[in-house]
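Here are my notes on this one, point by point. Have the viewer open while you read.

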Amino acid sequence: MQKFIIDSPLDMHLHLRDEDMLKLVAPHTSKTFAGALIMPNLVPPVTTKEALISYKNRILKACEGDTFIPYMTLFFQGNYSYEFLNDIKDEIIGIKLYPAGITTNSETGVSSMDVDVLRPTLEIMSKLNIPLCVHGETNGFVMDREKEFMPIYESLALNFPNLKIIMEHITTKDAVELLNKYDNLYATVTLHHLLITLDDVAGGALKPHLFCKPIAKRYEDKEALLQAALNAHPKLMFGSDSAPHPKHKKECCGCAAGVFTSPIALQVLTELFEKYEKLDNLNAFISLNAQKIYDFEPLNKKITLIKKEFEVPNIYEYKNENVVPMYAGEKLNWSIESIL
Ligand SMILES: NC(=O)N[C@@H](CC(=O)O)C(=O)O
Ligand SMILES: [Zn+2]
Ligand SMILES: [Zn+2]
């Protein structure tokens, strides 16, 4: 096959940051994606209606000229009232919960994952039909953090059967298996976790641009994620978790966690699904599943990919900001031909 059309791609887990970094990275998503779920971990995090609407407007401005919907999220706090959530519910697609200190800009996240502590807010969310997106890691041993979080997902799923729970950026076989156990559990998976294991990050010379949370795991985990994605598991959505940090914060002592993949995501996914002869499932994985899970209005943006070499730039820059993409300087087999 020489050409492939992706219908209304959606990125259901995206970090756009703010100010010049927002202006630098947003167009890399808004040109080629129909919409994206925007993470709220700014400094300070997005916790008020005012902050949310003004952030949405800054995003729309950074994406000017593109047909693109930013689906906004609120940063979970245990003290949101029914009135507050009822008032903001039409502005948001979900609320993102971070255990405190577990990842970039999560210091003000929740300090307890006890269901009874979280119950008041989660009951309001169930009633108002607001999905819960979760960064599911404990603070245990780094390779076991997601696995150790599985009982927490189970107890959330059991205690709040009417709450849609999205396990964000899953990285383990255990999480894939849990998807099939509870009706109200869903998940996103990134591009990089379909491609790399811990070996690619730290098995040879350390690769800071592949360092992210949750850390890439074992071969069998990658394999389970890949099979679920290639077969367009109906409860799994594409969420790039494209998480830009400036080069000096990646290539240093104390490397920030996050992989920047927005400019290469569609090309690499096409190559991957083609390699396994699963291109027929790509539109479900990258768009239809999310539309069903989140109940979207119909979308219409067609991206034509062509089998033609694309050399990934070494760095993207705007004013004083810069960011190094995954596969910097390398050649990909597919390029974006046109956008309609
Ligand atoms: N994934 C990451 O490694 N980093 C994300 C935060 C997150 O999604 O956990 C970021 O905001 O930089
Ligand atoms: Zn996260
Ligand atoms: Zn993220």
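1. First, a convention for what follows: two residues are in contact if their C-beta atoms, placed from the backbone, lie within 7 Å. Leaving out residues up to four places away in sequence, Ile 165 touches Leu 132, Val 134, Tyr 153, Leu 156, Ala 157, Asn 184, Leu 185 and Tyr 186. Ile 165 sits in strand 7 (residues 165–167), where helices (H or I, at least four residues) and strands (E, at least two) are DSSP runs numbered from the N terminus.

2. Some housekeeping. This is a predicted model, so local features need pLDDT of at least 70 and side-chain atom pairs count only at pLDDT 80 or more, while totals for chains, interfaces and linings use all residues. Residues are numbered from 1 along each chain as its sequence is written, and chains are lettered from A and ligands numbered from 1 in the order in which they are written.

3. Back to Ile 165: buried or exposed? Ile 165 counts as buried, because 22 C-beta neighbours fall inside 10 Å. The cut-offs are 20 or more other C-beta atoms within 10 Å of its own for buried, 12 or fewer for exposed, and partly exposed in between, with C-beta atoms placed from the backbone.

4. Now the ligand. Ligand 1 is surrounded by His 15, Asn 41, Thr 103, Thr 104, Asn 105, His 135, Cys 212, Lys 213, Asp 241, Ala 243, Ala 257 and Gly 258. Here a residue is near a molecule if its C-beta atom, placed from the backbone, lies within 6 Å of it. By class, that shell has three nonpolar, seven polar and two charged residues. The classes are: Ala, Val, Leu, Ile, Met, Phe, Trp, Tyr, Cys and Pro nonpolar; Asp, Glu, Lys and Arg charged; and the others, Gly among them, polar.

5. UniProt, in an unreviewed entry, places the feature "active site" at Asp 241. UniProt positions are in the numbering used here, feature names are shortened, and annotations may be inferred rather than shown by experiment. Asp 241 is in the loop between strand 9 and helix 9, and is buried because 26 other C-beta atoms lie within 10 Å. Beyond four places in sequence, Asp 241 touches His 13, His 169 and Thr 190.

6. What does UniProt list for "binding site"? The unreviewed entry gives His 15, Leu 16, Arg 17, Asn 41, His 135, His 245 and Ala 257. Arg 17 lies in the loop between strand 2 (10–14) and helix 1 and is buried, with 22 other C-beta atoms within 10 Å. Sequence neighbours within four places aside, Arg 17 is in contact with Leu 22, Val 25 and Pro 244. His 245 lies in the loop between strand 9 (236–238) and helix 9 (247–250) and is buried too, with 24 other C-beta atoms within 10 Å.

7. On helix packing, the axes of helix 1 (residues 19–30) and helix 2 (residues 49–62) come within 8 Å and cross at roughly 65 degrees. The contact is made by Leu 22, Lys 23, Ala 26 and Pro 27 of helix 1 and Arg 58, Ile 59 and Ala 62 of helix 2. By class, it has five nonpolar, no polar and two charged residues. For the angle, axes are lines fitted to C-alpha atoms, for helices over the stretch in contact, and angles run from 0 to 180 degrees between N-to-C directions.

8. Lastly, the backbone. Most residues other than glycine have a negative phi, and most peptide bonds are trans. A cis peptide bond joins Val 43 and Pro 44, with omega about -5 degrees. The bond from Lys 213 to Pro 214 is also cis, with omega near -15 degrees. Asp 295, not a glycine, has a positive phi of about 65 degrees and counts as exposed, with 11 C-beta neighbours inside 10 Å. Tyr 327 also has a positive phi of about 65 degrees, but counts as buried, with 20 C-beta neighbours inside 10 Å.
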